Amino acid sequence: MIEIRGLAKSYGAHQALKGITLSIRPGEFVVVLGPSGAGKSTLLRCINRLATPTAGDIVVDGTPFRSSARDLRLLRRNVAMIFQQHNLVKRLSVLKNVLVGRMADLSPILSSLQLFPEADVKIARHCLEQVAMAHKADSRADALSGGEQQRVGIARALAQQPKFMLADEPVASLDPKTSRIVLSYLKKSCKESNIAVLCNLHQIDYALEFGERIVGLSAGEVVYDGPPSGVSGDVIRRIYPGLDDPNVLDAAQRLTERRRAAAESVIAAEAAEERA
Amino acid sequence: MSLQFVVTRPRGPLGWWILIPFIGASIAVLWWSAVGTKLSVSDFISGLPWIADFLGRMLPPNFAFMEKLIKPAVETVQIALWGTLLGIVLALPVCFFAARNLSPYAWVFHGLRQVLNVMRGINEIILALIFVAAVGLGPFAGVLAIALHGAGMLGKFFAEAIEEIDEGPLDALRAAGAGTLQRIVFGVLPQVLPAWIGVVLYRFETNIRVSTVLGMVGAGGIGFELISSMKLFAYEDTAACVIVILVLVLAADLLSSKLRAMIR
């Protein structure tokens, strides 16, 4: 269980986050939906302290975060992150990129000498299997396609064996088919390991398709928090002020049902393709 | 075919007239420098026969002398090798603190950049004179001179390569709870290594060129043979020296460009 209490962040006079309070249950897949600039990235980066919040608390399993080096390491050990631009180290192999997820628990000296405990290598390989990338373990990261790189990004986050995963616009730079594959792997693998996910998206259709719970963020405030079924036209207008198109919601909802079924078959086809 | 002159008029109310003071100032500075350096076309033309005479005395090169040049030529390469290596050793620990994005404090970054500038600002020959006084005549003084000057250059270029890396992977390493050493080994080094190797090879090439003249101030290498043959008016021997130097420099050039092409 992770609790975010009154999280606020200002850049000078600009208030990026205006007191966010959320609690996320274990294994829950929460989508943060909102337009660019709503504060979605800032929210995630404040949770794992890549950015320092101006106010508010993060409480993991009842233990509040205090800003000591030890607490920071512990927090980041438990909270994994997936980035929009993958942020893989391009010149390293896929396997080594996934091993980065194990770094918090490894000896700095030994790992710098490229020596890793067998158990950790095994975890890394298993995580690659979860996203069907085991066959590319020895490829260099920059030899992969965008979608494959993001799946390695997911494997790296899984390798942390976290309680909680932050995904910052994981599919913003991918085409629709690849986006769906990546989101499906993300959801499937986190379900398998009972990892709670907080996933930023700006696409309404993906949010409704994959989210079990939608948090609507607009101008640094939570304007909706509930199931996808409760996302009415009114809610959409609150999240995206100025978007006055009733068709958007209708279309999104009709697509949702169809795509939820299609996703399963796409992922199955993809797996078959890779086996062949 | 009709041509059209396409240029953008300088912005501002003065238009093209803005160029007048710049052109005027450039002409003035160049004229002043020409007077200062006694530029003279007639002196050059009247000197041409003397240059021809000098070149004539160098011919034919004394190829028999080359046998005596093998040892100093090898020494030249050895000076360049150790000068480069010690330069790297000096530059490595400094470069991380001299990179704006990794340096913990701004004053550390600015301070180290100035130190590197000073090291780089003093020519190797001047450094060699100082080290000859310190450790005596011979190639070791040359090694130290090249190492110190090279460290200033390598440190600056190493640091600039670090400043150009994509910081995304560093974010990912931080988010995964990796420590400082791990962030450097897995986040920084893979990104800067190709650039660093390129810089080191270029530095080695430069050091070969520099160590061919270090002998002129008694800091070892083939330069000593060059200068003594000239002092003895044995210009055929001088020609042999020049040929050996050319071979060294071209070989270093070729080797380093081949190696640089190999790293991608």
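**Chains A and B: contact, helix packing and overall form**

In this predicted model, chain B contributes 18 residues to the contact between the chains and chain A contributes 21 residues. On the side of chain B that touches chain A, α7 (168-175) and α8 (180-211) each supply at least two residues. That side of chain B is made up of ten nonpolar, six polar and two charged residues.

Helix α8(B) also takes part in packing inside its own chain. Its partner there is helix α3 (residues 66-95) of chain B, and the two axes lie 8 Å apart at an angle of about 135 degrees. An angle over 145 degrees would count as roughly antiparallel; α3(B) and α8(B) are therefore oblique to each other. Their crossing is right-handed. On the α3(B) side, the residues involved are T76(B), V77(B), I79(B), A80(B), G83(B), T84(B), G87(B) and I88(B). They meet V200(B), R203(B), F204(B), N207(B), I208(B) and S211(B) of α8(B). Sorted by class, the contact of α3(B) with α8(B) holds seven nonpolar, six polar and one charged residues.

Within α9(B), the residues G223(B), F224(B), E225(B), L226(B) and S229(B) are buried. These buried residues pack against α3 and α10 (235-262) of chain B. Just after α9(B), the backbone at F233(B) has a positive phi of about 55 degrees.

Taken as a whole, chain B has ten helices and zero strands, so its elements, read from the N terminus on, run α-α-α-α-α-α-α-α-α-α. The radius of gyration of chain B is 25 Å, whereas a compact globule of 264 residues would have one near 18 Å. Along the principal axes, the C-alpha atoms of chain B fill a box of roughly 70 × 60 × 45 Å. Of the 264 residues in chain B, 37% are buried. When contacts in chain B between residues at least 6 apart in sequence are considered, 72% of them join residues at least 24 apart.

Chain A has both kinds of element, with ten helices and ten strands. One helix pair in chain A consists of helix α6 (residues 146-159) and helix α7 (residues 176-192), whose axes come within 9 Å and cross at roughly 15 degrees. Because angles under 35 degrees count as roughly parallel, α6(A) is roughly parallel to α7(A). The crossing of α6(A) and α7(A) is right-handed. From α6(A), the residues G146(A), G147(A), Q150(A), R151(A), I154(A) and L158(A) take part in the contact. Facing them in α7(A) are T178(A), I181(A), V182(A), Y185(A), L186(A) and S189(A). The contact of α6(A) with α7(A) comprises six nonpolar, five polar and one charged residues.

The overall dimensions of chain A complete the description. Chain A has a radius of gyration of 19 Å, which agrees with the value near 19 Å that a compact globule of 276 residues would have. The C-alpha trace of chain A spans about 55 × 50 × 30 Å along its principal axes. Buried residues account for 41% of the 276 residues of chain A. Among the contacts in chain A with a separation of 6 or more, 70% are between residues 24 or more positions apart.

Notes:
Residues numbered from 1 in each chain as written. Chains lettered and ligands numbered in written order. Predicted model: local features only at pLDDT ≥ 70, side-chain atom pairs only at ≥ 80, totals over all residues. Contact = placed C-beta atoms within 7 Å. Helix = DSSP H or I, 4+ residues; strand = E, 2+ residues; numbered from the N terminus. Nonpolar A, V, L, I, M, F, W, Y, C, P; charged D, E, K, R; others polar. Axes fitted to C-alpha atoms, helices over the stretch in contact; angles between N-to-C directions. Parallel < 35°, antiparallel > 145°, perpendicular 65-115°, else oblique. Left-handed = near helix turned anticlockwise from the far one by under 90°. Buried ≥ 20, exposed ≤ 12 C-beta atoms within 10 Å, placed from the backbone. Rg over C-alpha atoms; globule rule 2.2 N^0.38 Å.
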